[in-house]
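Subject: Structure for you to look at

Hello,

Here is the structure I promised. Please open it and keep it beside this email as you read.

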Amino acid sequence: MRVCLDLQEQSACSSVQLFTDEHLQYAKVYRDLTAEDQKRIHHRRISSKLPRTLRNDLFSVNYLDREIRKDSADHTRETVRFARNASDCMERLAIYRLYHNYCKPYRIAKQGDNTITHAEQAGILAQRIKSEMKTLFTRRRFFSRMCRMSSSDRMIWLRSIVTPMKITAEYLPAYAYS
């Protein structure tokens, strides 16, 4: 919910829509929000038993969940494999998010031989993506200059996600604050 509120603050919209399944935990968290915050989030609950087709309002979430489970061993179902460190797991997921949005072709709607990425489909200019990807491994990103970082990305960068039952804090190099 905190991420939804952060997104709403950054947008020009007076409220955001949050689509979830009918799990009771979502409704409980929503009820625990202040009345002012509840006005900023329009919560829509959708049955998870509906067919997982393009017409389902949860299609994008179901699709991404399937892709992450398919491509990341930490997230596969019915296995003994799991991430031992929450910060490391979230860093791997952030790298996967970059790959999925900016490198992986958006295969649903091919336009001739030109395949576009998910980011291009969302409206980000191909030239902008190309210029950022070109400097990805050659230009250092400084935390102090990353003004548009979301709260969840800030937690990943600073390795502040707590691993359950871990006694010591995560190691964070001094240069991470630069």
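This is a predicted model: local features need pLDDT of at least 70, side-chain atom pairs count only at pLDDT 80 or more; totals for chains, interfaces and linings use all residues.

Residues are numbered from 1 along each chain as its sequence is written, and side-chain values use heavy atoms, without hydrogens and water.

Confidence: pLDDT is the predictor's confidence in each residue, from 0 to 100. The chain averages 84, and 96% of the residues score at least 70. Among the elements, helix 5 has the highest mean (91) and helix 1 the lowest (75). Helices are DSSP runs of H or I with at least four residues, strands are runs of E with at least two, and both are numbered from the N terminus.

Core: the largest nonpolar core has 7 residues: Cys4, Leu5, Val16, Leu18, Tyr30, Leu33 and Ile41. Such a core joins buried Ala, Val, Leu, Ile, Met, Phe, Trp, Tyr and Cys through side-chain atoms within 4.5 Å. Buried means under 20% relative accessible area, exposed over 50%, partly exposed in between (1.4 Å probe, protein chains only). Helix 1 (2–10) and strand 1 (16–20) each supply at least two residues of this core.

Helix pair: which way do helix 4 and helix 5 cross, left-handed or right-handed? Their crossing is right-handed, meaning that the near helix is turned clockwise from the far one by less than a right angle.

Loop: Lys49 lies between strand 2 (41–45) and helix 4. Lys49 counts as exposed because its relative accessibility is 77%.

Best wishes
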